[in-house]
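Got a model open and a few things you'd like to ask about it? Let's go through them one by one.

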Amino acid sequence: MPFVSTGSAIPSCPAPIGATGEVLLGHGSGGKLTAQLIERRILPAFQNAALAALDDQAIVPFLGPRLAFTTDSYVVTPIFFPGGDIGELAVNGTVNDLAMGGAAPLYLSLAFILEEGFPLADLDRVIASIRRSAERAGVAIVTGDTKVVDRGKGDKIFINTAGVGIPMQGTRLGSSEVKPGDAILLSGTIGDHGVAILSVREGLELEGDVRSDTAPLHGLTKAMLAASRDIHAMRDPTRGGLAATLVEIASRRRLGIEVDEASIPMRDGVKGACEILGLDPLLLANEGKLVAFVPEESAGRVLEAMRRDPLGRDAARIGRVTAERPGTVVLSTRLGRERIVDLPAGAQLPRIC
Amino acid sequence: MKYVDEYRDRKLADALRVKIDRLVTRPWVIMEVCGGQTHAIVRYGVDRMMPADGGRRVEIVHGPGCPVCVTPLEMIDQAHAIAGQPDVIFTSFGDMLRVPGSRVDLLILKSRGADVRIVYSPLDAVRIAKENPRRRVVFFGIGFETTAPANAMAVHLAREDGVRNFSMLASHVLVPPALQAILEAPENRVQGFLGPGHVCAVMGTSEYEVLCQSHRVPIVVAGFEPIDLLDALYSLLRQLEEGRAELENPYTRIVARDGNLPARALIENVFEVTDRKWRGIGSIPASGLKLRPEYRDHDAQHLFDVSAIATEENATCISGLILRGLRKPHDCPAFGRQCTPEAPLGATMVSSEGACAAHYLYRQGAGAATGAA
């Protein structure tokens, strides 16, 4: 707990600082500052009975034989970027992980790890964004936690959210369901989030307005499953991009995947940034896109349903699953040649020329 | 996307492929000397569009066109010695971070607390130096003639603005002396070159005209899109079939005969030609650029006294032969096995522009042995 000296010659008991503009270690001490932080800044944003009880756990109603459960941590730099911020990602990312299992998201937990000195105004901005995103997604934040670490031991703000949801009845989604012959559908343009982050992180003055695509996808997945319950698997190609998602399924399931490069939707701004920086758009992160593996006979119906949803407007069929060349993702290039898609050893590093 | 998609047009590509197929009557060995071209060729499968039947096989080999690959190991060790000093902010293009020296790479140094930063332009490093007046900011200035103007500009501006805490570890290399060394080696197989489009955009084409005449070798300046490459290959093969050895420049939308005169003047002002050691090839006379003595206060090699660091190469790696066009990545027994992008044995596997890395990435290293390539 920080103290101030009175500055006079007479020794006196130091008194704690009440209000400053930054996060103090005391905000994580479990004392009054912690209570103030929670009651004044966090609770008003997320009003519901389960959270307001402020117990060690949330006790919530639940109906159903199956439960979808996921968790994710958010450490993005910078925390505010074109098209979104860390708070919006923390809600949408976890909502999307549930949605990929065909689940309707219900409840989220919310845990902050704050770095000492983090401006409270920025915290308020993040909290407001979490509130808007939770409202948009229709999920309730029912339990939470706040910790503060010494300056230099964190990077402004880390967020963890866990979420639970109820899988739609009659669905069976998972990478183990993917089969040869499945059509591969992509819900829209790739690389928007990756380029948006890069443009602010590296201070690149890119032409065109590339914004993060962060969005909750459970409305889209619901519409897709309404069109056909027999969708085999859905994935959101976040870190590692479309390449990571496809390579993972191909190698884990020992299946072949064929993708047509020309069919993958991409914005000109993303294409341009990739050309200039020598990056592969297949490896760039997305935060509001999904890839679906759908039996051929349902593919047309599902694709139509996707295109009717604003978040699937640019949806496209990009390839198919095969039994040939197990473990391999093959991209047919615009010239009709083939290339194998693989993951980089570490982070994708920009090329020199 | 405008100015890009039309150079990746499939119909045009097929038409050029057919024209090349009708033209070629004998086997030829062609070398490209630019990492960007290596990638485009392998990524789009341009090499596989060449005639491949018995008596008229056109082989495209990748030359020493990746600046990361040809930077000698001891220069990388010198960079690591500088980056490890506590008051240093070490800045570099992204590619260089993962290149292993004899013990570590820059990413490992960073995880141990060194302040290592990726920049997209050397001018960003000058800005970092202005913002951190108490730190010494060093930029790892490597590359061919393409990166030389911006690097020269950074040093020039640092001196103009009195940014005394900025310095450059410069290890520039020049393309024409490398081509000459390849042509004059007794084991040389290369019969024609695709000229490096970006290098020529800076330097112009006159140096290459001289090479054409002195060594009776055709050179055709090429761009980086599949159609550019196929077009240049057609012109080059036509020269070979007709027995000509000329400099041709179909890449006129980028390359002018005199190059970029202000950029050349800037290079001339800041750098001077020096002998340079090339990784995998050895020392080539007058094949590099170093800072002129007037810029000594911004020369990291002078300021940090690391010139005593000397390192020998790994003996098992054949990257030297690959860089000279004598072997292909798949000829190496270690390729895709002991040597992968995760654990590279040598230079050509390290950089994303290296020939081994390009083949591994797009043609699957281990799978290649079983016929995927």
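What follows is a short chat about this predicted model.

Reader: How many helices and strands does chain A have, and what percentage of its contacts with a separation of 6 or more join residues 24 or more positions apart?
Author: Counting up chain A, you get nine helices and 15 strands. Burial comes to 46% of its 353 residues. As for the contacts with a separation of 6 or more, the share from residues 24 or more positions apart is 84%.

Reader: Over in chain B, are the buried residues of helix 6 on the same side or on opposite sides?
Author: Helix 6 of chain B runs over residues 122–131, and its buried residues are Pro122(B), Ala125(B), Val126(B), Ile128(B) and Ala129(B). An α-helix has 3.6 residues a turn, so places three or four apart point the same way.

Reader: Which element of chain B has the lowest mean pLDDT?
Author: Chain B as a whole has a mean pLDDT of 90, with 97% of its residues at 70 or more. Strand 8 (residues 219–222) of chain B has the highest mean among its elements, 98. Over residues 366–373 of chain B, though, the pLDDT is below 50. The lowest mean, 41, goes to helix 17 (residues 365–369) of chain B.

Note on methods: Residues are numbered from 1 along each chain as its sequence is written. Chains are lettered from A and ligands numbered from 1 in the order in which they are written. This is a predicted model: local features need pLDDT of at least 70, side-chain atom pairs count only at pLDDT 80 or more; totals for chains, interfaces and linings use all residues. Helices (H or I, at least four residues) and strands (E, at least two) are DSSP runs, numbered from the N terminus. A residue is buried if 20 or more other C-beta atoms lie within 10 Å of its own, exposed if 12 or fewer, and partly exposed in between; C-beta atoms are placed from the backbone. Two residues are in contact if their C-beta atoms, placed from the backbone, lie within 7 Å. pLDDT is the predictor's confidence in each residue, from 0 to 100.
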